[in-house]
Amino acid sequence: MPEDTGRFITLALASYGAAGKAPQAVKLVKRGYPAAVLDPLIADLNTLTGTSGDQDQAQGDAIGDTAARDAAYDALRKFMKELKGVTKGALRRKPSLLSKLGL
């Protein structure tokens, strides 16, 4: 997975976009990711890329609280592992894209 946030967000948005199309959509529904689950995640990613100062304040609050930061980091790592698996599955017939993404 990309270590920098910009590449991660780009990868996530591309993956969510592909996830809404066949045949990935059918497979993701079986894994518990129907459109109703993916749509709010896409909205969250779009909010994350916004220029509002709210994100900066929230980030500062999370960094100040070590327990919250550690829990958020663990949740992000779990999410990134799942996203990596879904992306590998979705792009398994496109090795050049997997290579470009470092997967």
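Gln-24 is found in helix H2, where helices (DSSP runs of H or I, at least four residues) and strands (runs of E, at least two) are numbered from the N terminus. Gln-24 is buried, with a relative accessible area of 18%; buried means under 20% relative accessible area, exposed means over 50%, and partly exposed lies in between, with a 1.4 Å probe and protein chains only. Not counting residues up to four places away in sequence, Gln-24 touches Ala-18, Ala-19 and Ala-90, a contact being heavy atoms within 4.5 Å.

The model is predicted, and local features need pLDDT of at least 70, side-chain atom pairs count only at pLDDT 80 or more, and totals for chains, interfaces and linings use all residues. Residues are numbered from 1 along each chain as its sequence is written, and side-chain values use heavy atoms, with hydrogens and water left out.

The protein as a whole has 6 helices and 0 strands, and its pattern along the sequence reads α-α-α-α-α-α. Of its 103 residues, 18% are buried. Among contacts between residues at least 6 apart in sequence, 57% join residues at least 24 apart.

Ala-19 counts as buried because its relative accessibility is 6%. Apart from neighbours within four places in sequence, Ala-19 is in contact with Gln-24, Ala-25, Leu-28 and Leu-38. Ala-19 and Val-29 stand 10 residues apart in sequence, and their C-alpha atoms are 9.6 Å apart in space.

The packing of H1 against other helices comes next. Two packed helices are described by the angle between their axes and the distance between the axes. Helix H1 (residues 5–19) packs with helix H3 (residues 35–48) at an angle of about 155°, their axes being 10 Å apart. Such axes are lines fitted to C-alpha atoms, for helices over the stretch in contact, and the angles run from 0 to 180 degrees between N-to-C directions. H1 and H3 are therefore roughly antiparallel to each other; angles under 35 degrees count as roughly parallel, over 145 as roughly antiparallel, 65 to 115 as roughly perpendicular and the rest as oblique. On the H1 side, Ile-9, Ala-12, Leu-13, Tyr-16 and Ala-19 meet Leu-38, Leu-41, Ile-42, Leu-45, Asn-46 and Leu-48 of H3. This contact of H1 with H3 has 10 nonpolar, 1 polar and no charged residues, where Ala, Val, Leu, Ile, Met, Phe, Trp, Tyr, Cys and Pro count as nonpolar, Asp, Glu, Lys and Arg as charged, and the others, Gly among them, as polar.

H3 also holds Asp-39, a residue that is partly exposed, with a relative accessible area of 47%. The C-alpha atoms of Asp-39 and Gly-17 are separated by 9.8 Å, although the two residues are 22 apart along the chain.

H1 also packs with H5, at an angle of about 50° and with the axes 11 Å apart. H1 and H5 are therefore oblique to each other. Here Phe-8, Leu-11, Ala-12, Ser-15 and Tyr-16 in H1 meet Leu-76, Phe-79, Met-80, Leu-83 and Thr-87 in H5. The residues of this contact divide into 8 nonpolar, 2 polar and no charged.

The largest nonpolar core has 11 residues in all: Phe-8, Ile-9, Ala-12, Tyr-16, Ala-19, Leu-28, Leu-38, Leu-45, Met-80, Leu-83 and Val-86. A nonpolar core is a set of buried Ala, Val, Leu, Ile, Met, Phe, Trp, Tyr and Cys residues joined through side-chain atoms within 4.5 Å. Two or more residues of this core come from each of H1, H3 and helix H5 (66–90), and H1 gives the most, with 5 residues. In soluble globular proteins, nonpolar side chains tend to be buried together.
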